[in-house]
Amino acid sequence: MGTDGDTAFATVGDKPVYFDEDWDTGIGGGLWSTGAAMAKYFEGHAQSIRSSLKSGKNGPISAIELGSGNGYLSVCLAAIADDLLSELVVTDLADHLSLMTKTLERNSHLVDVVTAEEFLQEGTTKDLRPTAIVAEHKWGVTEEEESSAVCGKKFDFIFGSDVAYRDWLHAPLIASLDRLSHENTLSLIGVTMQDTKPSFFKSLSDAGFRYERLPDHLMEPEFRGTTFGLFVIQRSKLPPRKINE
């Protein structure tokens, strides 16, 4: 499923979003159900998400998508929060970077795509669009192994969908959440409960995070009463910060 030419795949925040799936890229080349659920959540709750992102922040917001695969969720976030975001880092393994870049470049009305090297040299762009950097990020790697777009950074918002579907992914994913989070970071992770075992959530708690599943009434009707779940994750020492008020 996808679109060709100038036909928008979706409209988010009254803005067209262009996207073509490419399953030849790999498992992340298409839009999985949990990703669609998160995109619909962005679209349907733009104001509450914007308020949550701004909470406690006096300046622009940095965001990173983990396991993007295709760039679609990052574009959807930019559609509702473009004026809030200074930096949007879109990450996955090397074999998906080309499709992610293609998706972001097709949506140049929403983001200004630069390389990590260009961003380090020039910083954010001067217009109202957030700067989007496509970068490789392997979960759980050390700082010495990290790409320049991620190395040494903490982000205000971390998001991703279908990222904990195998047990062996849990530890490196949580290690990345830990290393990329500051004390006020808000994370939104989408999972399929059939694939994501309770051990993931126990490991989150053991690592010092607390989590809360968004209630069904905040999901679009087609995603209610299903195994798809969106979870707000924060460091445990903080009271839970709502993104659904």
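# Exercises on a predicted protein model

The protein averages a pLDDT of 88, and 91% of its residues score at least 70; pLDDT is the predictor's confidence in each residue, from 0 to 100. This is a predicted model: local features need pLDDT of at least 70, side-chain atom pairs count only at pLDDT 80 or more, and totals for chains, interfaces and linings use all residues. Residues are numbered from 1 along each chain as its sequence is written, and side-chain values use heavy atoms, with hydrogens and water left out.

## Exercise 1: Confidence

Find where confidence is lowest and where it is highest in the protein.

*Solution.* Start with the elements. The protein has seven helices and 10 strands. These are DSSP runs, numbered from the N terminus: helices are H or I with at least four residues, strands are E with at least two. Confidence is lowest in helix 5 (residues 116–122), at a mean of 68. It is highest in strand 7 (residues 155–161), at 97. Where pLDDT is low, the predicted coordinates should not be read in detail.

## Exercise 2: Overall form

Compare the radius of gyration of the protein with that of a compact globule.

*Solution.* The radius is taken over C-alpha atoms, and the globule rule is 2.2 Å times the number of residues to the power 0.38. For 245 residues the rule gives a value near 18 Å; the protein has 17 Å, which agrees. Next, check burial. Of the 245 residues, 53% count as buried (under 20% relative accessible area; exposed is over 50%, partly exposed in between; 1.4 Å probe, protein chains only).

## Exercise 3: The nonpolar core

Identify the residues with the most contacts inside the largest nonpolar core.

*Solution.* A nonpolar core is a set of buried Ala, Val, Leu, Ile, Met, Phe, Trp, Tyr and Cys residues joined through side-chain atoms within 4.5 Å. The largest has 46 residues, and F42, L77, F159 and L188 have the most contacts inside it. Helix 3 (residues 72–81) gives the most to this core, with nine residues. Another core, of 28 residues, lies apart from it; V114, V163, A164 and I174 are among its members.

## Exercise 4: T34

Is T34 buried or exposed, and which side chain does its own side chain join in a polar contact?

*Solution.* Locate T34: it sits in helix 1 (residues 33–44). T34 counts as buried because its relative accessibility is 1%. Its side chain joins that of T192 in a polar contact of 3.0 Å.

Definitions and conventions
Polar contact = N/O pair within 3.5 Å; in protein donor to acceptor, adjacent residues only side chain to side chain.
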